[in-house]
Amino acid sequence: MSTTHKRVLLLLAHPSQHRSEVNIPLFNAAKAIDGVTAVDLYGEYPTFDIDIECEQQRLIEHDIVIFQFPLYWYSTPAILKEWQDLVLEYGFAYGTDGTVLKGKTFFCAVSAGGKEDAYQAQGYNHFTVRQLLAPLEQTASLTGMHYLAPLVLFGARTAIEDDFMARHIGQWQRLLKALVEDRVNVHLTAKLDCLNHHLDTIIERER
Amino acid sequence: MTGYFLQAFIYLVAAVIAVPLAKRFGLGSVLGYLIAGVVIGPVVGLVGEEASVIQHFAEFGVVMMLFVVGLELEPKMLWAMRHRLMGLGGLQVVLTAAAVMAIALYFEVQWTIALTIGLVFTLSSTAIVLQTFNEKGLGKTDGGRSAFSVLLFQDIAVIPMLAFIPLLALPELVDKAQQLASTAAQQHQEVSLVAGLPGWAYALVITGAIALLVVGGHYLSRPLFRFVASSGLREIFTATALMLVIGIAAMMSLVGLSPALGAFLAGVVLANSEFRHELESSIEPFKGLLLGLFFITVGAGVNFAWLWQELGVIVLMTLGLMLLKVLVLLLLSLLFKIRKSDRWLFALSLAQAGEFGFVLVSYSVQNNVLPTDLAQTLLLVVALSMFLTPGLFIAFEKLILPRYRAAPDAREADIIEEQGPVIIAGVGRFGQVVNRLLTANGVNTVVLDHQISQVDILRSINVKSYFGDATRPDLLHTAGIEEASLLVVSMDNPESATELVKYVKHTYPQVKILARAFDRGHAYMLRRAGADFIQKETLLSALELGADAMKCLGFHPFHVEQQKNTFKRIEKRSSDILYQAWCDDSSGERFDNNYRKLFIELEETIKTAMTRDRSDKHSNSERGWTPPPKGYEEVLEGDEPIDPAAAKADITP
């Protein structure tokens, strides 16, 4: 059993939190876990005036980076794009001396309005969530980070009515704990569309 | 003359020593006054005979108290809490009075006396309970709110009780009193307008008086207060407030009605007025002192010989009474579904008899309803139960609360604690915008301004605002600064704004202060005074106009936005350094003007930061959407995939 604990940086991007039904409960559930630093990007930078220095320092201090967001037009809400454009600078995240992110782990925790079968080649969205998030996957690759398949809450608009929030929060906390305790097999996620049904496989040495 | 001075001095010394001591020991001010009275009366014997004369005078404090109670009762608020008020309060009064009366009848007390005892004992102590709730922060709990409804109902019920008690007068006591009165009346004729009137005319006079009170209070008081307020003389406003209350009391006595009832009605009529807070703070000190005086005279009137003689009976009656009241309250809490620790708080907090009990007892004696001996005993029971109340609160905190804390509720999150109001001091051009933003978002604000014309304008566009000088502690108090979550200081006068911030930060450190600064120097003064958030009144609008200027000159709007943000950021960052320098300079009057030097440095920093982005070279200090250097991609192409597993993954977007 490994004793070195990983530090998780969770960046939440949600522009209308007073209407949030799933992301805020998930965010709060994450806050409760030791080793997770939870940052509300819209809360810290309501005018998009992102403090590059501070955000880079946060990246340096953590081993695992998670973007948490509701899927907006098959991509991240605007502030996460702004965050990438500003924080992942040449010479910091990529380029000759840009090796700060090398060896860290990255993935997305996403909520999506459509059901799981909509995000298939045969479904009306035609692509899987992982395929849609390819730019982020490539960003991870260019910056030298291990990429995990996304954790997706499908059918988020009716998650409460359909009564599966509790289960999803449970999965989310289980995954976060495993990440902090370094019990996730990154390589096993390489071929997955999403992590949802595979926690038993990718999490090791569970008590 | 010397005699009066001496007496006044004795009363004041007793209060000044006993009340702070009582508060320190957690007994509350009412008990402090009572103890002070006991010490200067029966124990030391400094005062004696005149105490009962003073007591008549001090009863005017009760009239003022009801005026203030009325002021705090907006008709709307009264309506919103009608169920708890009538249900809980009404049942508590009726059940307790009936139970006490039944027990008294069992001991073969005459029914009129039994009923009076029931009425006296059904009341609880508003002064002690509300003050303790405030001190311990229990007012917002379910139990606290229910207790408040009951207290409010009792306070209102006192008025019909005062009207009703004279009807219970005992014939033999009346006879005795009339003999005494007829001798006294020769020197001292009581003025009455209604002495010889027939019944129908009397009814007409009473209706007329009440109509005059309501209509006059609503339509005449405003022009009068406005006229007085525009003079800007504070003491004349106080005089007007006193004139109003005393005038109402006089009118009510003239037509043979209770002055307390009149004052209460006038209070309710004025509760919606813009002068409400100013009125309350003008009357408050008089009310407090007179009530204090009243309690002292009650304490001074305690008959110790009687207490020792009847000790067993008095102690038994007190304990029995408190047990009975708790049982009635527990029953009500079952009916009204008040749960867990709230149930115990509700029951224990209201177990005592109250200060209105004193009023009713002495009033009943005056009206020949109670014999003096019994009144002595009743007064002692009321006082003793009040003495025991702090003990009950301590028991609640130490014994009952931990039990409910140990077993946490299965319920998820608690209901969000009701937010205290936001007080906005000064609603000129600046405060108005703050108020509009807050009220549009459903925030409860209390708006104060010392210019009556300003208040008039705001009232005419339906903004709830009050006339008054926010730098006065008593006005802040009546505006609710203790429970306020925020104070916005947006007055015109920089000096009084700083004074206000200093005072509030010192007296109510829990209240967050947001202040409008006139200029940079004022911002530093506010910061030193303890303001939590400061905005310079012109900085942001000037920056906006500057940005417009840049856009007119052909700068790209988005670039202008960035420059503006940079300017703000540097200004904020360096304000700490400048503030330190300002503190050094202004306190020590140092010769080398460090501050000025730093200010020039700041201007340089801003200039460099602004120009930095214009350089074509790539440097580490350059920030924000910086393109990578030319030719960087050749290096990247040479790189191997870092994570072979991920690169081999079968993804075909």
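The legends below describe close-up views of a predicted model.

**View 1**
Strand E1 of chain A covers residues 8–12. Five of its five residues are buried, so the strand is largely enclosed by the rest of the structure. Both faces are covered. Val8(A), Leu10(A) and Leu12(A) lie on one side, and Leu9(A) and Leu11(A) on the other.

**View 2**
Between E1(A) and E2(A) the chain passes through helix H1 (residues 23–31) of chain A, making a right-handed β-α-β crossover. Strand E3 (residues 64–70) of chain A is also parallel to E1(A), with five bridges joining the two. Here Leu12(A) stands opposite Gln68(A) of E3(A).

**View 3. The largest nonpolar core, with members from chain B.**
This core contains 105 residues. Those that touch the most other members are Phe67(B), Phe121(B), Phe275(B), Leu279(B), Ile283(B), Phe295(B) and Phe358(B). Helix H14 (residues 276–300) of chain B supplies the largest share of the core, ten residues. At least three residues of the core come from each of domain 1 (10–173 + 215–401) and domain 2 (419–537) of chain B.

**View 4. Contacts of Ile283(B), and a separate core.**
Neighbours within four places in sequence are left aside here. Ile283(B) is then in contact with Met64(B), Phe67(B) and Val68(B), and also with Ala241(B), Leu242(B) and Val245(B). Two of the residues in this view, Ile283(B) and Phe67(B), are among those that touch the most other members of the largest nonpolar core. Apart from that core lies another, of 41 residues, which includes Leu11(A), Leu41(A), Leu132(A) and Ala140(A).

**View 5. Helix H18 of chain B.**
Helix H18 of chain B has twelve residues, 355–366. At 1.5 Å a residue the helix should span 16 Å, and its end C-alpha atoms are 17 Å apart, which agrees. H18(B) is mostly covered, with nine of its twelve residues buried. The buried residues are Glu355(B), Phe356(B), Gly357(B), Phe358(B), Val359(B), Leu360(B), Val361(B), Ser362(B) and Ser364(B). One of them, Phe358(B), is also listed among the residues that touch the most other members of the largest nonpolar core. After the helix comes Asn368(B), which has a positive phi, near 60°.

Definitions and conventions:
Residues numbered from 1 in each chain as written. Chains lettered and ligands numbered in written order. Predicted model: local features only at pLDDT ≥ 70, side-chain atom pairs only at ≥ 80, totals over all residues. Heavy atoms only, no water. Helix = DSSP H or I, 4+ residues; strand = E, 2+ residues; numbered from the N terminus. Expected span 1.5 Å × (residues − 1). Buried < 20%, exposed > 50% of the residue type's maximum accessible area, 1.4 Å probe, protein only. Core = buried A, V, L, I, M, F, W, Y, C linked by side-chain atoms within 4.5 Å. Domains from an automatic or database assignment. Contact = heavy atoms within 4.5 Å. Right-handed = clockwise from strand over helix to strand, strands pointing away. Pairing = 2+ DSSP bridges.
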